[in-house]
2 protein chains.
Amino acid sequence: MILALAGGVGGARLAAGLAQVLPPQGLTVAVNTGDDFEHLGLHICPDLDTVMYTLAGRHDPAQGWGLAGETWHMLQALQALGGEAWFRLGDRDLATHLQRSQRLREGASLSQATAELCQAFGVQHAVVPMSDQPVRTRVQTDEGELAFQDYFVRRRCAPRFVGLRFEGAEQAQPSPGLLQALQAPGLQAIVVCPSNPLLSIQPMLAVPGIAQALRQRRVPLVAVSPIVGGAAVKGPLAKMMMEAGQAPSALAVAQHYAGLVDGLVIDEADAALRPAIQHLGLQVCVTQTLMVDADRQRALAQAVLDMVARR
Amino acid sequence: MILALAGGVGGARLAAGLAQVLPPQGLTVAVNTGDDFEHLGLHICPDLDTVMYTLAGRHDPAQGWGLAGETWHMLQALQALGGEAWFRLGDRDLATHLQRSQRLREGASLSQATAELCQAFGVQHAVVPMSDQPVRTRVQTDEGELAFQDYFVRRRCAPRFVGLRFEGAEQAQPSPGLLQALQAPGLQAIVVCPSNPLLSIQPMLAVPGIAQALRQRRVPLVAVSPIVGGAAVKGPLAKMMMEAGQAPSALAVAQHYAGLVDGLVIDEADAALRPAIQHLGLQVCVTQTLMVDADRQRALAQAVLDMVARR
């Protein structure tokens, strides 16, 4: 059994690759909920939805998030009403948010609501939130502290990144599904997907029960670098690293994850960094990491599984 | 200045006719909110929306409610998720509910939220809720008491009608806009639109401040019969009257409104009922009341205004 820790698009793609090579009971994907927020009265979980839509094969392949063939009639109408239209809510995607919000109001946990949605979408592998308690990523910037979606979507990551705070993390517990996977006798490895280490993985590590379980693990923990050739495949990671005074590179990712992971998967473009990363005490696997299609998703997943099987 | 009391489709059509012949400052439409309900976390005001969409010329003319050219992608997606899809929520219509709910959460009154929405829709005449406090119509049936939308939409008025209860009406006050119209020195007449007397008008009369102001009025109050030729133009009124032991007819409407109104507008199809209605002490105007298009809406509105001007 494999446990994958995932954020948004990059995490969802590797999760989809792992789902291609592992049976349903052989994979649990634990997803960042630090990006979750309340908007227009809806409980929105961007990363959970991206993973769910991707595993269901229903995602928009061009933009990575949202549903394929989506329409935007509600959003256009909301804009005409002067409403808060800065967060892109597709018409079909709205049903997910309305249904999740309704189930939470009825007393369901986020884990329950997620399981029901995944079942309705035909997702067979386990997709679980990192926690059922709210953890809210707050981004400290040169313009002050911003709620995550204010920084990420409304301001398009324009303010200079200074640091992060994970509101509620101290009080949060790992979700039942994540805890079960972490404690499963059959657990073979933990994979940190090529998600943003700061925005997608750090919120999980901020939950004491998750950090502790990862420290006490008896199985290999490997990460896939989201930085390829000095640039982030998607998202603001490279910009954030530079603003934090660090040149974005797979080596910087390795330095960030050193002490947590046993190995790092890096792209062929970064093969020259192998010795420096090994010098940090990490095992290194060099392969093609750009998951441009389902075949490459599966190939990367297989490379990761081969790496942990070799240990 | 004319004050119109309106419910859903029939009320909206006469309101649109009055809006054709009266200047913006010459008409206030006070709308039933007894049908309002919370659904999927949204604050939905079916009658306010029907009046607003109709006055904006944005309504679906075929079904009478909702927006023209509407799509149903959210609803189809919600149905696929096993969600509560029994109430027809169109994609564009959703923006109205989301925006209203957001404004109410932010502390706006229903009157404020309604005024903002009407302005965004380009509605120039005043459309106001009957009250800013919640009044909820409960329908007593042979299967027990049902929330209005459960009776009206979910059960399609199938249970036998026994009676009505208007939860919250005793504690409710007329909305500021309705009160202002009722007390306006320039008020010339009050018109009860051809809405369901039981479901659309009764909730207003259940608000003590509205009933009192109508009793103390110094201007004519006339109603338009929603029953034409023994049948309701739209909706369950005829069925409800029969279940209440009354043959549906313009005379029965006159009997219902006797003591409240000074006159009744009836359709040419019901001209034979004129003496019996006059016998109740009501003035009678016989005209074409089926508002099949904008011209007939205007013609009926003009007939109503002529009737009150003659008094």
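A: Arg165(B) counts as partly exposed because its relative accessibility is 33% (buried means under 20% relative accessible area, exposed over 50%, and partly exposed in between, with a 1.4 Å probe and protein chains only). Its partner in a salt bridge is Glu167(B), with 3.2 Å between the closest N and O atoms; the term stands for a side-chain nitrogen of Lys or Arg within 4 Å of a carboxyl oxygen of Asp or Glu. Glu167(B), at 36% relative accessibility, is partly exposed. In chain A, Arg138(A), Glu145(A), Arg165(A) and Glu167(A) belong to one network, joined by salt bridges that share partners.

This is a predicted model, in which local features need pLDDT of at least 70 and side-chain atom pairs count only at pLDDT 80 or more, while totals for chains, interfaces and linings use all residues. Residues are numbered from 1 along each chain as its sequence is written, chains are lettered from A and ligands numbered from 1 in the order in which they are written, and side-chain values use heavy atoms, with hydrogens and water left out.

Back in chain B, Arg138(B) and Glu145(B) are linked through their side chains by a salt bridge of 2.9 Å, N to O. Arg138(B) is partly exposed at 22% relative accessibility, and Glu145(B) is partly exposed at 30%.

A further salt bridge of chain B lies within a helix. Asp150(B) pairs with Arg154(B), and their closest N and O atoms are 3.1 Å apart. The two residues sit four apart, about one turn, in helix α6 (residues 148-154) of chain B; helices (H or I, at least four residues) and strands (E, at least two) are DSSP runs, numbered from the N terminus. Asp150(B) is partly exposed, with a relative accessibility of 22%, and the value for Arg154(B), which is partly exposed, is 41%. Over all chains the structure holds 26 salt bridges.

Ala16(B) belongs to helix α1 (residues 9-21) of chain B. The residue is buried, with a relative accessible area of 10%. Leaving aside residues up to four places away in sequence, Ala16(B) touches Thr54(B), Leu55(B) and Gln297(B), where contact means heavy atoms within 4.5 Å.

The account now turns to where the two chains meet. Chain B has 26 residues in contact with 26 residues of chain A. The area buried between chain B and chain A is about 2000 Å², and carbon and sulfur atoms give 70% of that area; buried area is the accessible area (1.4 Å probe) that two parts lose on being put together, summed over both. On the side of chain B that touches chain A, the elements giving two or more residues are α3 (73-80), α4 (91-105) and α5 (110-120) of chain B. The largest share of that side, nine residues, comes from α4(B).

Gln102(B) is placed in helix α4 of chain B. At 13% relative accessibility, Gln102(B) counts as buried. Not counting residues up to four places away in sequence, Gln102(B) touches Leu40(A), Gly41(A) and Glu84(A). Within chain B, the side chains of Gln102(B) and Arg105(B) are joined by a polar contact of 2.7 Å (a pair of N or O atoms within 3.5 Å; within protein, one must be able to donate a hydrogen and the other to accept it, and residues adjacent in sequence count only if both atoms are side-chain atoms).

Two loop residues remain, one in each chain. Leu40(B) has a phi near 55°, a positive value in a residue other than glycine. Leu40(B) lies in the loop between β3 (37-39) and β4 (42-44) of chain B, and it is buried at 6% relative accessibility. The phi of Arg156(A), again not a glycine, is positive and near 50°. Arg156(A) is found between α6 (148-154) and β8 (161-167) of chain A, in the loop, and is exposed, with a relative accessible area of 73%. Most residues other than glycine have a negative phi.
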